[in-house]
Amino acid sequence: MPNPLMYQQDDFVVLETNQPEQFLTAAELLIKLEKTLSQIAHDDLPLDMQKLDSVSEQAQYLLDTSCNLDVSPGEYLQWYAVRLEK
């Protein structure tokens, strides 16, 4: 049986176009995703996200199901769960 610690997602490394990597908590990443999503036109979002009603729901959906968002042509936002403690 896998260790539940493997599925714990408290901290993330975040990569953005032309930016240094950042380490964010899950709460900080949700805020960043909400801000980024609010700047993207609804029709430019992936189809599965267009059916969600609010930016908060879209951000949580991304955090739970993905690790990448194409912000605009040639620009990206990627996040990966990391464990900072042993």
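How many bridges join β1 to β4? Six, with the two strands running antiparallel. Here are my notes on the rest.

1. What we're looking at. This is a predicted model, where local features need pLDDT of at least 70, side-chain atom pairs count only at pLDDT 80 or more, and totals for chains, interfaces and linings use all residues. Residues are numbered from 1 along each chain as its sequence is written, and side-chain values use heavy atoms, with hydrogens and water left out.

2. Overall layout. You get three helices and four strands in the chain, laid out along the sequence as β-β-α-α-α-β-β. Helices (H or I, at least four residues) and strands (E, at least two) are DSSP runs, numbered from the N terminus.

3. The sheet. The four strands make an open sheet in the order β2-β1-β4-β3, with antiparallel pairing; two strands pair if DSSP finds at least two bridges between them. At the edges sit β2 (22–25) and β3 (68–72), each pairing on one side only. From one strand to the next, the twist averages 30°. Axes here are lines fitted to C-alpha atoms, for helices over the stretch in contact, and angles run from 0 to 180 degrees between N-to-C directions.

4. Strand by strand. β1 and β2 run antiparallel and are joined by four bridges, with D11 opposite T25 in β2. Their hairpin has five residues between the strands, and N18 takes a positive phi near 55° there.

5. α1 (residues 26–38) lies across β1 (11–16), β2, β3 and β4, and runs at about 105° to β2.

6. The salt bridge. The count comes to one salt bridge, the rule being a side-chain nitrogen of Lys or Arg within 4 Å of a carboxyl oxygen of Asp or Glu. The pair is E16 and K32, with the closest N and O atoms 3.0 Å apart. It links distant parts of the chain, as E16 is in strand β1 and K32 in helix α1, 16 residues apart. As background, side chains of opposite charge can pair when their charged atoms come close.

7. Helix α3. Which residues of α3 (residues 55–65) are buried? They are Q58, A59, L62 and L63. Seen down the axis of α3, these fall within an arc of 135°, so they line one face of the helix; the arc is that of the directions from the helix axis to the C-beta atoms. The buried residues of α3 pack against β1, α1, α2 (47–50), β3 and β4.

8. Burial and surface. Of the 86 residues, 23% count as buried, which is under 20% relative accessible area, with exposed over 50% and partly exposed in between (1.4 Å probe, protein chains only). The accessible surface of the chain is about 6,200 Å², and 51% of that belongs to carbon and sulfur atoms.

9. D44. This residue sits in the loop between α1 and α2. D44 counts as exposed because its relative accessibility is 59%. D44 and D70 are 26 residues apart along the chain, and their C-alpha atoms are separated by 9.5 Å.

10. Contacts along the chain. Among contacts between residues at least 6 apart in sequence, 45% join residues at least 24 apart.

Methods: Contact means heavy atoms within 4.5 Å. Accessible areas come from the Shrake-Rupley method with a 1.4 Å probe; for residues, only the protein chains shown count as cover.
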